[in-house]
Amino acid sequence: MTALPLPVAGLEVRLRLAAGTLTGADLEAAETYIADATALVLDEVNGETEATWNVDLPRTVELIIYKAARREWENPSGLSQEISGEHTITTSATSGVFLTPLEIQKVRRAAGLAENIVGSVSIGAPSTPFRPYWWHGRW
């Protein structure tokens, strides 16, 4: 397990760069992306877990932080489509560092937070036919 803040060398490895390759503005950007991803992860857990993870971060959570930082490094504008012929570029609302729903679930699991799923099922009387909400008044 690793302590926070995570080193940029871990992101460099995931970018297939030699350790120490990032310098200047690139190094600052990488540090910012890692810090942003770390903040999002720690926002998903309680204060006790955050204090523990500052000195003893689970490997799964470390991977999630690096993956989120890498997404931002590789696609800072949030492009979801780019076509060279006729110059089409499409951006999405997912620019910036973000965690996927699966990553959030894994962070919460690593923190020991149970996922509570609450739902309801509506059961009508057997003699009452099902009618969609827009059907009322149309017999």
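Guide: Axes are lines fitted to C-alpha atoms, and angles between them run from 0 to 180 degrees between N-to-C directions. The model here is a predicted one. In it, the axes of helix α4 (residues 59-74) and helix α5 (residues 101-110) come within 9 Å and cross at roughly 155 degrees.

Visitor: Why are α4 and α5 called roughly antiparallel?

Guide: The crossing angle is roughly 155 degrees. Angles over 145 count as roughly antiparallel, and α4 and α5 are therefore roughly antiparallel to each other. The crossing of α4 past α5 is left-handed.

Visitor: Which residues make the contact?

Guide: On α4 they are Thr60, Val61, Ile64, Lys67 and Arg71, and on α5 they are Glu103, Lys106, Val107 and Ala110. By type, the residues of this contact are four nonpolar, one polar and four charged.

Visitor: What makes Tyr33 and Trp73 an edge-to-face pair?

Guide: Ring centres must lie within 6.5 Å to pair, and planes over 60 degrees apart count as edge-to-face. The ring centres of Tyr33 and Trp73 are 6.3 Å apart and their planes stand at 75 degrees, so the pair is edge-to-face.

Visitor: How do you know whether Tyr33 is buried or exposed?

Guide: Buried means under 20% relative accessible area. Tyr33 has 16%, so Tyr33 counts as buried.

Key:
Residues numbered from 1 in each chain as written. Predicted model: local features only at pLDDT ≥ 70, side-chain atom pairs only at ≥ 80, totals over all residues. Heavy atoms only, no water. Helix = DSSP H or I, 4+ residues; strand = E, 2+ residues; numbered from the N terminus. Parallel < 35°, antiparallel > 145°, perpendicular 65-115°, else oblique. Left-handed = near helix turned anticlockwise from the far one by under 90°. Contact = heavy atoms within 4.5 Å. Nonpolar A, V, L, I, M, F, W, Y, C, P; charged D, E, K, R; others polar. Phe/Tyr/Trp six-rings, centres within 6.5 Å; stacked < 30°, edge-to-face > 60°. Buried < 20%, exposed > 50% of the residue type's maximum accessible area, 1.4 Å probe, protein only.
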